[in-house]
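Subject: Structure handover

Hello,

Here is the structure for you to look through. My notes on the fold, the core and the backbone follow below it.

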Amino acid sequence: MHARLVGVPGSHPCVSAELMLRYKGIEFTRLDLPNMTHKALLPLLRHRGSTVPVMTLDGTRVSGTMKIARALDHFVPAPPLFPAEDRATVEGAEAWADSVLQDGANDNRGMRGRGPDAKYDPNWDWHAQNIKMLAALTEKGYDVNFCWGIGAHNGKHGGAILPDSLRWLWRGWKN
Ligand SMILES: N[C@@H](CCC(=O)N[C@@H](CS)C(=O)NCC(=O)O)C(=O)O
């Protein structure tokens, strides 16, 4: 079996799809489309929908991490991506992330595009929610660091702070 993964740089759903392939030991190639061009390019590649990841598995086209996970388990059952026990819980969490969480992210994206007259709801402001999460973790005594960035959805910010992030994460580590 050979897989072709199509994604965009800096996309966490695309990382999920890649991790699924690696976990199953499936050989794959990855093509990253330039950010924001993928809506136009996916139909040309004969893929459904307007989001990535999409994947071709021995000629079968699959879109979205939920369908990709099931298709991978269908074509290559071992090791399974879903636990035999309590699968319903995992599927419930997955469906929540795919609908509720995903819609929140999309609303936020829309809000930025609508300008200053847009109705602002802090409950759908992901930056504000991240600040709340940081406060909660700090209050509970977690060892936490944070770094906000601005700009487009890509790997630039993550790449720029990666060396410092690793240094922070491994500080004090002794062999
Ligand atoms: N729930 C979807 C999320 C896919 C998704 O939102 N991908 C982003 C890139 S990280 C995308 O293609 N966005 C374009 C859009 O929303 O129009 C999945 O897991 O496949």
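Helices (H or I, at least four residues) and strands (E, at least two) are taken as DSSP runs and numbered from the N terminus. On that basis, Asp58 sits in the loop between E3 and E4. The model is predicted, so local features need pLDDT of at least 70 and side-chain atom pairs count only at pLDDT 80 or more, while totals for chains, interfaces and linings use all residues. Residue numbers start from 1 along each chain as its sequence is written.

Overall layout

The chain has 6 helices and 4 strands, in the order β-α-β-α-β-β-α-α-α-α from the N terminus on. A residue is called buried if 20 or more other C-beta atoms lie within 10 Å of its own, exposed if 12 or fewer, and partly exposed in between, with C-beta atoms placed from the backbone. By this count 13% of the 175 residues of the chain are buried. Two residues are in contact if their C-beta atoms, placed from the backbone, lie within 7 Å. Among contacts in the chain with a separation of 6 or more, 52% join residues 24 or more positions apart.

Core

A nonpolar core is a set of buried Ala, Val, Leu, Ile, Met, Phe, Trp, Tyr and Cys residues joined through C-beta atoms within 7 Å. The largest one holds 17 residues, and those touching the most other members are Leu5, Ala17, Met20, Val54, Met55 and Ile68. At least two residues of this core come from each of strand E1 (2-7), H1, E3 and H3. H1 contributes the most, with 4 residues. Leaving out residues up to four places away in sequence, Ala17 touches Leu5, Pro53, Met55, Thr65 and Ile68.

Helix H3 (residues 65-75) has Thr65, Ile68, Ala69 and Leu72 buried. These four cover an arc of only 100° around the axis (taken from the directions from the helix axis to the C-beta atoms), which puts them on the same side of H3. The cover over the buried residues of H3 includes helix H1 (12-24), strand E3 (54-57) and strand E4 (60-63).

Helix H6

How many of the 14 residues of H6 are buried? The number is 0, so H6 lies largely in the open. The expected span of a helix is 1.5 Å times one less than its number of residues. For H6 (residues 156-169) this gives 20 Å, and the end C-alpha atoms are 20 Å apart, which agrees.

Backbone details to check

- The peptide bond from Val52 to Pro53 is cis, with omega near 15°; Pro53 is in the loop between helix H2 (38-44) and E3.
- The bond from Ala78 to Pro79 is also a cis peptide bond, with omega near -10°, and Pro79 belongs to the loop between H3 and helix H4 (87-114).
- Asp58 has a phi near 45°, a positive value in a residue other than glycine. Asp58 is exposed, with 9 other C-beta atoms within 10 Å.
- Asp86 is not a glycine but has a positive phi of about 60°. Asp86 lies in the loop between H3 and H4 and counts as exposed, with 10 C-beta neighbours inside 10 Å.

Regards
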